[in-house]
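Try each task before you read its solution.

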Amino acid sequence: MKSCPVRGGQQLSENEMDEGGQFSFYKDAQGRWWRTQMPWRCCEEVMFSGQCQGLLNHEGLHWAYSSSGDFCWNNSLAGYSGQTPPDHEDYRDPLLMRPLHYTQKELDRFLVEDPDEIARLEAGDLEEGESTIISIEDL
Ligand SMILES: [Zn+2]
């Protein structure tokens, strides 16, 4: 039994998982805060690179890119894993895998209108399991 996904250190119940996803906060160029809901990340570990970068309950290989850029994969059904360097013919281009990456699918988005919550976000006072996203367009 995997202790994943978790929020605030607690493993989620089926009902909580049905509510879907983890939350991130995003501040747009107009200074408005948006609360975005992202899908759960796959919990499998991939050798040499840590947690799988796919969505929870995805099909096929579990996969992640190592810090050196190798495509690392794990076939948990067959019980073997490996890593494929970028110059190998079986290498999977990160751009092709991007639509399958757990950060690339947004389930929902809400404008944050509660002044107290906006003040909390402005102060960088995040709760466990929360994160903020800064768009590269805003840098
Ligand atoms: Zn996976």
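Two residues are in contact if their C-beta atoms, placed from the backbone, lie within 7 Å. The model is predicted: local features need pLDDT of at least 70, side-chain atom pairs count only at pLDDT 80 or more, and totals for chains, interfaces and linings use all residues. Residues are numbered from 1 along each chain as its sequence is written.

**Exercise 1.** List the contacts of Cys42, leaving aside its neighbours within four places in sequence.

*Solution.* Cys42 touches Cys52, Gly54, Leu55, Leu56 and His58, and it is also in contact with His62 and Tyr102.

**Exercise 2.** Work out the order of the strands in the sheet that holds S7, S8 and S9.

*Solution.* Start with the terms: strands are DSSP runs of E with at least two residues, numbered from the N terminus, and two strands pair if DSSP finds at least two bridges between them. Here, S7, S8 and S9 form an open antiparallel sheet in that order. Strand S7 (62-65) and strand S9 (80-84) each have a single partner strand, so one side of each lacks a neighbour in the sheet.

**Exercise 3.** Is Val46 buried or exposed?

*Solution.* First, find its place: Val46 sits in strand S5 (residues 45-46). A residue is buried if 20 or more other C-beta atoms lie within 10 Å of its own, exposed if 12 or fewer, and partly exposed in between. Val46 is buried because it has 25 C-beta neighbours inside 10 Å.

Then trace its surroundings. Leaving aside neighbours within four places in sequence, its contacts include Trp63, Ala64, Cys72 and Trp73. The C-alpha atoms of Val46 and Trp73 are 6.0 Å apart, although 27 residues separate the two along the chain.

Technical notes
Helices (H or I, at least four residues) and strands (E, at least two) are DSSP runs, numbered from the N terminus.
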